[in-house]
Structures are given as C-alpha cells and as structure tokens.
Amino acid sequence: MTLTIKNLGAPLGAEISGIDLSGPITSSAVETIEGVWRDRLVIVFHDQKLSDPQLIAFSKYFGELDAPGPNPYGQPFLKDHPELNVISNVVENGKPIGNLGDGEAVWHADMTYVEVPPKAAMLHSLEVPPPEAGGNTYFSNMFVAYETLPADLKKAAEGKLAVHDASANSAGMLRKGYKEVTDVRLTVGAHHPLIRTEPGTGRKALFLGRRPNAYVLGMEVTESEALLDALWAHATQPRFTLCHRWKVGDLLMWNNLSVLHRRDPFDPKTRRIMHRSQIKGSEGVH
Ligand SMILES: [Fe+2]
C-alpha cells in the first residue's frame with residue numbers, strides 16, 4: 001500500500017488515500033497519519049467500510065478511547081460498544097438511534113467542558129442524505145484564527161479563562177442530568193484558557209469550545225459577552241474554514257483542540273447515520 005497525501009484547498013485539511021483502514025496498519029502508516037493530523041488538523045479518508053469493532057481498532061492506534069458525553073436519553077446508543085457514539089436523525093420504533101437530530105449543530109469543539117478534553121475524534125459515515133439535502137460539516141483552524149487576531153483582541157484574551165458549558169450538546173439539547181443555564185456566571189463545566197499553547201511546539205491557538213453559556217471568568221457579564229462575541233466572529237470566518245460534503249464511506253479524523261466544527265441542518269425526510277469515536281487527551285489545556 002502506498003499512502004497518498006493531498007492537501008485540500010483550505011487553511012486546513014488533507015485527504016489520505018491508498019490505505020484500507022478496516023484491517024491492521026503498519027506503524028509507519030500510523031506515524032504518517034499522526035503527522036498529517038498534527039499539521040493539517042483534519043484528515044479525510046474516502047471509500048472506507050468499517051464495522052464498529054474495526055472503527056474501534058483503527059481509533060486505538062492513536063490512543064485510548066474516550067467515552068462519549070451524556071446524551072439527552074441517558075443511555076449509550078450502541079449497547080455493545082458504549083465507547084462509540086452515534087450521530088443520526090433516524091428514529092426506530094419511536095426511539096432516536098443517535099444524537100443531534102437533523103438540525104444545525106453550532107460551532108464547537110467536542111467535550112471541552114471536561115478538564116482533559118479528547119485530543120482527536122473520528123467520524124465514519126454509514127448513510128448520508130443526497131448532496132442537495134444539506135448536512136455538510138465545517139472545520140475552522142484555530143492556529144490561524146489566533147495568528148490573525150487583531151492586537152487589541154489578543155491582548156484582551158491573554159491570560160483569561162472561560163467556562164465551557166457542559167449542560168447542552170451542539171444541537172442545543174439538554175444532556176441528561178443537567179439544568180438549563182439562566183446566568184452564565186453559574187455555568188457548570190471546565191475552565192480553560194482562551195488562548196492555548198500547544199505542548200511541544202509552543203504554537204498558540206484560540207481555544208473557544210462552545211459559545212452558548214460561555215463566560216470569561218472575572219469579567220462583568222456584558223464585557224464577557226462582548227469579548228466572546230468578537231472572538232467567535234473572528235474565529236469562524238469562512239477564510240479559516242474547510243467544508244466537507246459527505247459521501248458514504250468517508251472517515252474524518254480531526255484535531256479536537258485545534259479546530260472548531262459545525263454542521264448544517266439537513267432535510268428531515270432523509271437519513272443520516274454516522275458512528276464516532278474519540279481519543280483521550282493526555283493532559284489539561286494550558
Ligand atoms: Fe462535535
């Protein structure tokens with residue numbers, strides 16, 4: 001097998017071809033994939049056909065798996081594989097088989113409301129709506145967002161911590177066991193710096209997590225809202241983003257601490273089923 005790497009026409013993202021991820025892969029392939037994941041932040045593999053155990057086996061080349069956060073229904077979607085998450089709008093026998101429905105999923109990074117968020121995520125498409133029905137996924141590069149931040153905003157964000165809301169998922173649904181947030185100063189979730197420094201390289205990135213219910217510690221609420229709005233408006237500009245139009249068999253792997261992602265809504269009459277894993281982070285965010 002010869003790996004081919006092609007950078008996509010955006011400030012992040014690369015396509016890797018020439019590899020079948022359903023079986024064992026060599027340590028040099030793992031190293032290559034890790035390198036592309038570090039540099040380009042999002043990797044797209046096409047034409048993969050992975051069973052759940054195969055998705056788990058591939059994911060484990062990059063570290064231990066991190067179980068999904070609590071979903072609105074209070075139990076794992078895949079009984080036999082609780083370490084995997086299902087992202088789907090399909091309802092069977094009156095019960096959703098997965099999370100997030102068919103609506104928009106707003107910009108976020110996964111599970112940053114915990115102290116040590118997952119470092120990587122994998123999403124494998126099993127069924128997707130036709131291209132005109134919506135459901136594209138977008139990624140934004142947080143290194144470039146930091147590097148292009150106007151000096152006054154850089155200064156305002158420096159040294160500040162924000163709370164990352166644990167109560168709701170990216171589709172705005174309340175997670176089982178959480179209450180609606182009515183005062184952002186009381187938001188429950190981990191506190192992380194607005195500007196993260198990548199261990200090893202020292203490179204800085206904006207680290208925003210999710211906008212709803214966020215709050216910059218120690219600020220007046222109105223000041224915090226204004227700073228967060230300005231940072232989010234900057235960080236999610238189309239010039240920093242990659243748009244992925246899904247096909248069945250795509251597997252995406254992304255660098256969860258260095259990108260934000262969001263999803264377009266899609267036609268509720270269509271079916272979309274994706275299985276997902278995530279890789280545990282090794283340390284808190286600094
Ligand atoms: Fe997500």
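## Salt bridges in this model

Ten salt bridges are counted here, a salt bridge being a side-chain nitrogen of Lys or Arg within 4 Å of a carboxyl oxygen of Asp or Glu. Side chains of opposite charge can pair when their charged atoms come close.

A word on the ground rules before we look around. This is a predicted model, in which local features need pLDDT of at least 70 and side-chain atom pairs count only at pLDDT 80 or more, while totals for chains, interfaces and linings use all residues. Residues are numbered from 1 along each chain as its sequence is written, and side-chain values use heavy atoms, with hydrogens and water left out.

Let's start with R271 and E127, whose side chains form a salt bridge with 2.8 Å from N to O. The two partners are 144 residues apart and join distant parts of the chain: E127 belongs to strand β9 (residues 120–127), and R271 sits in the loop between β18 (259–263) and β19 (273–279). Strands here are DSSP runs (E, at least two residues), numbered from the N terminus.

How accessible is each partner? R271 has a relative accessible area of 38% and is partly exposed; E127, at 28%, is also partly exposed. On this scale, buried means under 20% relative accessible area, exposed over 50%, and partly exposed in between (1.4 Å probe, protein chains only).

## Two more pairs

R185 and D183 make another salt bridge, with 3.0 Å between their closest N and O atoms. Here R185 is exposed at 51% relative accessibility, whereas D183 is partly exposed at 21%.

Next, meet D264 and R262. Their closest N and O atoms are 2.8 Å apart in a salt bridge, and both residues are buried. The pair also belongs to a network of salt bridges that links E104, R262 and D264.

## Around H108

What surrounds H108? This residue lies in strand β8 (residues 105–108) and is buried, with a relative accessible area of 5%. Setting aside residues up to four places away in sequence, H108 touches S170, G209, R210, L260 and H261, where contact means heavy atoms within 4.5 Å.

The H108 side chain also has polar partners. One is the side chain of D110, in a polar contact of 3.2 Å; such a contact is a pair of N or O atoms within 3.5 Å, and within protein one must be able to donate a hydrogen and the other to accept it, with residues adjacent in sequence counting only if both atoms are side-chain atoms.

Definitions and conventions
Helices (H or I, at least four residues) and strands (E, at least two) are DSSP runs, numbered from the N terminus.
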